[in-house]
Amino acid sequence: MDMIADLHLKDFVERRALENLQLERLRETLHRVYQNVPFYRQSFDRAGVKPSDLKSLRDLSKFPFTNKADLRDAYPFGLISTPMRDIVRIHASSGTTGKPTVVCYTRNDLEVWSETVSRVLMMGKVSVDDIVLISYGYGLFTGGLGAHGGAERLGCAVIPMGGGATEKQLMLIKDFNVTGICCTPSFFIHIMEEAEKIGFDLKKTKLRVGFFGAEPWSEEMRSRIETGSGVRAHDIFGLSEIIGPGVSSDCEARCGLHVFEDHFLPEIIDPSSGEVKAPGEEGELVFTTISKTGMPLIRYRTRDLSRLNYDRCDCGRSMVRMDRVRRRSDDMLIIRGVNLYPSQIESVLLSIKGTEPHYQLVVSREKALDDLEVRVEVSPLVFSDEVRVLEALRAEISSKIKQLIGLSAKITLVEPGTIERSIGKAKRVLDLRKLN
Amino acid sequence: MKVRQLSVFLENKVGRLAKVTHLLGEANVNIRALSVADTHDFGILRLIVDDVEAAEKCLREGKIVCRINNVTVVAVDNRPGGLAKVLGDLNAANINIEYMYAIAEPKSERPLIVFRFSEGERAVAALQNGGVEIISEKELFG
């Protein structure tokens, strides 16, 4: 295992050396899957490519994609490229439809994982002196154990709290002198709300840094977290198929998330044609794992929309930056022909003083027409004894949505807590149209 | 001269009003007057209670959105034209009423009316000029 100081240096490696390493690892990975995974042998053969066709990194574009459906078809262990006895950990994503997506890790993969997560934590200046509360769910979900492994590798004092039990979280933050926290941004906002309710001042605790991920969130949410709690908020990105949390993260410069591209090779493609896009262009994010041995994935389509920026970051790290993911190509709703991403509604709500970022979109279809309903929780701050004040709030939200997105939406004010808070991921959209 | 009123946000769903009144009952809070403003999908319950702090505390704990604000309570003469006289004074002073409701007070000789004005100070002055009796919180619960 590398020394911690060496891990930090990996973020600053010179570009040419990095590309040589990537090419070597990629070549090894392509050979590995072609040899050991029937799915990849067939899919490469069908596309008429062989691992030996890879002469440079650019040649990766000749290889076929892997889709989420391929993982489901291979359920549970069809994509592992190693004997089962080398697998030491199995995680599975919460499949909302049908079977879960399974990911298998070798000892090597767990080391890669804890390495990238500890590199994330180091971007937030976390060190062996920190006490870190892990409030992601443990279990099959990769959040808890993933964050845990990284913090432990770094030598922090790690508290395996898991999600829920908000008051207890606050108690531990105070009594254990917690300095860092890892959880979903919506759960942290929930913790902040609970703290306010019981008169607990987070700013008076030692908590100074948080690593929030597992769901898309916005700059507005970041500033709400930072001003409301005094906690510096970092965006940690990941997906279980690639490894879990720790695929990329933002540094102190906050101009995109550094991808740990010595392990996960990113590409941006046009989601409809599959063509690789130039740096700086928006498209679908695709990852190839180049150091994993349990279940490497070649050109895995994430459905997340982003951009890549290869310019040297102000922080000095050489790792390519991706734009923070706010939209997924399959999160996009088409309502009366208008494209809508839930994050757009979130921005509208956060721009109105006093409204909470707790919302849910309900799409239904009466006869031929789609209807969009936006359910918004009423906070004590915006509540009034006068009907006209609440009606004005509704009208304001509605007109901003109309202005920005061009859709008429019905705004429904609901009681706080009505919209489910997530430990894993927030359920922002209820599409009732599929039932018709 | 102000009386504190507790307003409660209610989603238009079965059992919401029952939940609020249950919580108040548990906290030993007595309701003296109430009115509900309802729209298509939400309602605002307005309450005059004997212990407004206890009421607010128990509802907040029950995760119900509520807030305290000031209203004006006046006594009107128990005769035809009694309320019209009060409203006439307000109208003459060009004061807008946001909403109003009556307090059911069997022991009181004169009916009590709760008013919410957008310009509370000016309304109270106009009423006092017209000789209308304004009831304080102490008198109401004393």
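## The two domains of chain B

In this predicted model, 13 residues of domain 1 of chain B are in contact with 18 residues of domain 2 of chain B. The domain assignment places domain 1 of chain B at residues 2–68 and domain 2 of chain B at residues 71–141. Their C-alpha centres lie 23 Å apart. About 1,300 Å² is buried between these two domains, and carbon and sulfur atoms give 50% of that area. On the side of domain 1 of chain B, K2(B), V3(B) and R32(B) supply 51% of the area buried against domain 2 of chain B, more than any other three residues.

One salt bridge is found across the interface of domain 1 and domain 2 of chain B. In chain B, a salt bridge joins R4(B) and E137(B), whose closest N and O atoms are 2.9 Å apart. Strands β1 (2–11), β2 (31–38) and β3 (42–49) of chain B are the elements that give two or more residues to the side of domain 1 that touches domain 2. By class, that side has six nonpolar, two polar and five charged residues.

## The two domains of chain A

Chain A is divided into domain 1, residues 1–326, and domain 2, residues 333–435. Taken over C-alpha atoms, the centres of the two domains are separated by 30 Å. The contact between them takes 19 residues from domain 1 of chain A and 16 residues from domain 2 of chain A. Together the two domains bury about 1,400 Å², with 49% of it on carbon and sulfur atoms. E193(A), R224(A) and R326(A) lose the most area on the side of domain 1 of chain A, together 32% of what that side buries.

Between domain 1 and domain 2 of chain A the count of salt bridges is zero, whereas two residue pairs are in polar contact, both at pLDDT 80 or more. Helices α8 (185–197) and α9 (219–229) of chain A each supply at least two residues of the side of domain 1 that touches domain 2. The largest share of that side, five residues, comes from α8(A). The classes on that side are seven nonpolar, seven polar and five charged residues.

## The interface of chains A and B

Between the two chains, the contact takes 22 residues from chain A and 23 residues from chain B. The area buried between chain A and chain B is about 1,900 Å², of which 55% comes from carbon and sulfur atoms. In chain A, F383(A), D385(A) and E415(A) lose the most area to chain B, together 39% of what the chain A side buries.

Seven salt bridges are counted between chain A and chain B. The side chains of R394(A) and D41(B) meet in a salt bridge at 2.6 Å, N to O. The elements giving two or more residues to the side of chain A that touches chain B are α8, α11 (387–405) and β20 (410–414) of chain A. Among these, α11(A) gives the most, with five residues. That side has nine nonpolar, four polar and nine charged residues.

## A residue in helix α10 of chain A

S343(A) lies in helix α10 of chain A, which covers residues 342–351. S343(A) is buried, with a relative accessible area of 11%. The C-alpha atoms of S343(A) and L133(A) are separated by 28 Å, and the two residues stand 210 residues apart along the chain.

Notes: Residues numbered from 1 in each chain as written. Chains lettered and ligands numbered in written order. Predicted model: local features only at pLDDT ≥ 70, side-chain atom pairs only at ≥ 80, totals over all residues. Heavy atoms only, no water. Domains from an automatic or database assignment. Contact = heavy atoms within 4.5 Å. Buried area = accessible area lost by both parts, 1.4 Å probe. Salt bridge = Lys/Arg side-chain N within 4 Å of Asp/Glu carboxyl O. Polar contact = N/O pair within 3.5 Å; in protein donor to acceptor, adjacent residues only side chain to side chain. Helix = DSSP H or I, 4+ residues; strand = E, 2+ residues; numbered from the N terminus. Nonpolar A, V, L, I, M, F, W, Y, C, P; charged D, E, K, R; others polar. Buried < 20%, exposed > 50% of the residue type's maximum accessible area, 1.4 Å probe, protein only.
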